[in-house]
Each structure stands twice: as structure tokens, then as C-alpha cells.
2 protein chains.
Amino acid sequence: VIAHIVVLTWHPGVTPEQVAEVNAVLGRLPAEIPELLSYSFGANLRLREPGGDYAVCAVVEPEHLARYLDHPAHRDVVERVLGPLVAKRAAAQLTLEPQLASGLVKSWPGTGS
Amino acid sequence: VIAHIVVLTWHPGVTPEQVAEVNAVLGRLPAEIPELLSYSFGANLRLREPGGDYAVCAVVEPEHLARYLDHPAHRDVVERVLGPLVAKRAAAQLTLEPQLASGLVKSWPGTGS
């Protein structure tokens with residue numbers, strides 16, 4: 001099980017209403033993309049500077065990453081909602097620590113391991 | 001429960017041996033920093049371009065983030081091992097999706113919620 005993590009930096013002038021719209025549209029993706037084992041996203045909590053403005057952590061089986069990234073619902077969010085807001089993007093995939101991943105798989109029967 | 005996520009881009013010329021040393025020193029942190037509920041790290045799996053070179057996902061209670069970041073063992077890794085290698089760093093904290101977090105808390109009795 002891997003996490004695809006993304007840190008975004010907004011263009012200047014992005015409003016709280018626009019960020020709320022990002023939260024809303026991302027929140028609808030898990031219902032449309034069953035390959036998402038876990039999906040966390042939101043404005044950077046800013047518990048420690050410096051950092052980006054927004055983060056996404058999508059947990060999937062590695063063979064399902066493309067199913068998430070290329071899903072029409074995800075592509076629509078990226079192109080229509082996120083695209084105009086994002087100045088900088090940093091992303092990577094990493095294998096999740098087994099303890100965290102095992103908790104997940106137990107909670108999502110049918111997803112296999 | 002939050003995830004502190006970091007995406008790093010190396011300076012040109014960083015070697016596999018240097019990345020292996022990063023893996024080794026980060027791998028020793030959970031034993032020294034009990035506040036780390038889960039710790040995942042590694043070279044970007046590069047399942048999808050473009051992206052950074054390395055990623056870290058540290059799962060902690062939000063009130064414990066500073067205990068991790070400011071722990072002498074973590075500061076030593078950042079200053080002595082990572083510092084010379086890192087060209088760019090993007091970081092953010094986000095609240096973990098409850099399903100993922102609940103699996104974790106169950107697996108780590110004594111950490112509270």
C-alpha cells in the first residue's frame with residue numbers, strides 16, 4: 001500500500017471560498033473512486049513554518065494509482081478547480097509503514113493487501 | 001491525528017549511497033521518538049512523473065509535532081545528513097482521514113486519540 005502525497009502552493013489571491021470549493025470537490029472523490037483506500041486532504045494546518053498551502057494524501061495499492069489519477073472525476077477536479085489556483089506542486093509516492101497500512105486493510109475488507 | 005508530509009528534491013549528483021544513508025538514519029528515529037505513531041519515508045517510487053526525489057510522512061498527534069521536529073535525533077539528521085543533499089523542500093501538515101487514523105490508534109495502545 002502506498003501514499004501518493006502532494007503539497008500545493010497557491011497563486012497569490014486565492015480566497016478561502018476557493019479553498020472551500022477544493023475541499024468540497026475532493027471530498028466527493030472517494031465515493032466515485034473505490035480504489036482510494038484512504039483520502040486525506042486540506043489546507044496546510046501550518047503547525048510549523050515554512051510550508052505549502054494545501055496537501056493531499058491518497059492511499060492506494062500501487063497498481064491502482066493510475067485508476068485514481070486518471071479517473072475522469074479526478075482529472076476534472078485537477079483541470080477545472082485546482083489548475084487555476086496552483087502556482088507550485090510537489091508530489092511523490094512512498095510505501096506506507098506496514099503498521100499504518102495493515103490497520104487500513106483491516107478496515108476495508110475486499111481491498112486485498 | 002495528523003500527517004506531517006515532506007517532499008524533497010535533491011541537489012544534482014546525490015548518489016544512491018547517500019540516499020541509503022538517509023533511509024538508515026531516518027529508520028532509527030521511531031525508536032528514539034515515541035511520539036511518532038507511524039513513520040514512512042523513502043525515495044519517490046516514481047509511479048507517475050513529475051515529482052520530487054524523496055518523501056517523508058510522519059504521523060503524530062498535533063500537540064506532539066514539535067517533539068518530533070525538535071527532537072535532537074531528528075535535528076541531527078536534518079542538519080548533518082539531509083541538509084547537504086536538499087535543493088528544494090515542500091512540507092505541510094494535514095488531518096488524517098479518520099478511518100486511517102483509527103486503525104493506527106488501535107494498533108498503538110497508550111497513544112490516546
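Modeller: Let's start with a pair of side chains: Arg75(B) and Glu79(B) sit four residues apart in helix H4 of chain B, so about one helical turn separates them. Keep in mind that this is a predicted model. Those two residues form a salt bridge, with their closest N and O atoms 3.4 Å apart. Arg75(B) is partly exposed, at 40% relative accessible area, while Glu79(B) counts as exposed at 53%.

There's another pair on H4(B). Arg80(B) and Asp76(B) are also four residues apart in that helix, about one turn, and their side chains meet in a salt bridge at 3.1 Å, N to O. Arg80(B) is partly exposed with a relative accessible area of 48%, and Asp76(B) is partly exposed too, at 34%.

Now for the packing. The axes of helix H1 (residues 16–27) of chain B and helix H4 (residues 72–82) of chain B come within 10 Å and cross at roughly 170 degrees. An angle over 145 degrees counts as roughly antiparallel, so that is how H1(B) runs relative to H4(B). From H1(B), the contact is made by Glu21(B), Val22(B), Val25(B) and Leu26(B); from H4(B), by Val77(B), Arg80(B), Val81(B) and Leu82(B). Sort these contact residues by type and you get six nonpolar, no polar and two charged. Notice Arg80(B) again: it takes part in this helix contact as well as in the salt bridge with Asp76(B).

What about the other copy? Chain B can be laid on chain A with an RMSD of 0.0 Å, by a turn of 180 degrees and a shift of 0.0 Å along the axis. The two copies are therefore related as by a two-fold rotation axis. They meet through the same surface, because 100% of the interface residues of chain B are also interface residues in chain A.

A salt bridge crosses between the chains as well: Arg48(B) pairs with Asp70(A), the closest N and O atoms being 3.0 Å apart. Arg48(B) is in the loop between strand E2 (38–43) and strand E3 (54–60) of chain B, and Asp70(A) is in the loop between helix H3 (65–69) and helix H4 (72–82) of chain A. Both ends are partly exposed, Arg48(B) at 28% and Asp70(A) at 35%. Follow the links and you find a salt-bridge network joining Asp70(A), Arg75(A), Glu79(A) and Arg48(B). Over all chains, the whole structure has 13 salt bridges.

Methods: Residues are numbered from 1 along each chain as its sequence is written. Chains are lettered from A and ligands numbered from 1 in the order in which they are written. This is a predicted model: local features need pLDDT of at least 70, side-chain atom pairs count only at pLDDT 80 or more; totals for chains, interfaces and linings use all residues. Side-chain values use heavy atoms; hydrogens and water are left out. Axes are lines fitted to C-alpha atoms, for helices over the stretch in contact, and angles run from 0 to 180 degrees between N-to-C directions. Helices (H or I, at least four residues) and strands (E, at least two) are DSSP runs, numbered from the N terminus. Angles under 35 degrees count as roughly parallel, over 145 as roughly antiparallel, 65 to 115 as roughly perpendicular and the rest as oblique. Contact means heavy atoms within 4.5 Å. Ala, Val, Leu, Ile, Met, Phe, Trp, Tyr, Cys and Pro count as nonpolar, Asp, Glu, Lys and Arg as charged, and the others, Gly among them, as polar. Copies are superposed by least squares on the C-alpha atoms of residues with pLDDT of at least 70 in both. A salt bridge is a side-chain nitrogen of Lys or Arg within 4 Å of a carboxyl oxygen of Asp or Glu. Buried means under 20% relative accessible area, exposed over 50%, partly exposed in between (1.4 Å probe, protein chains only).
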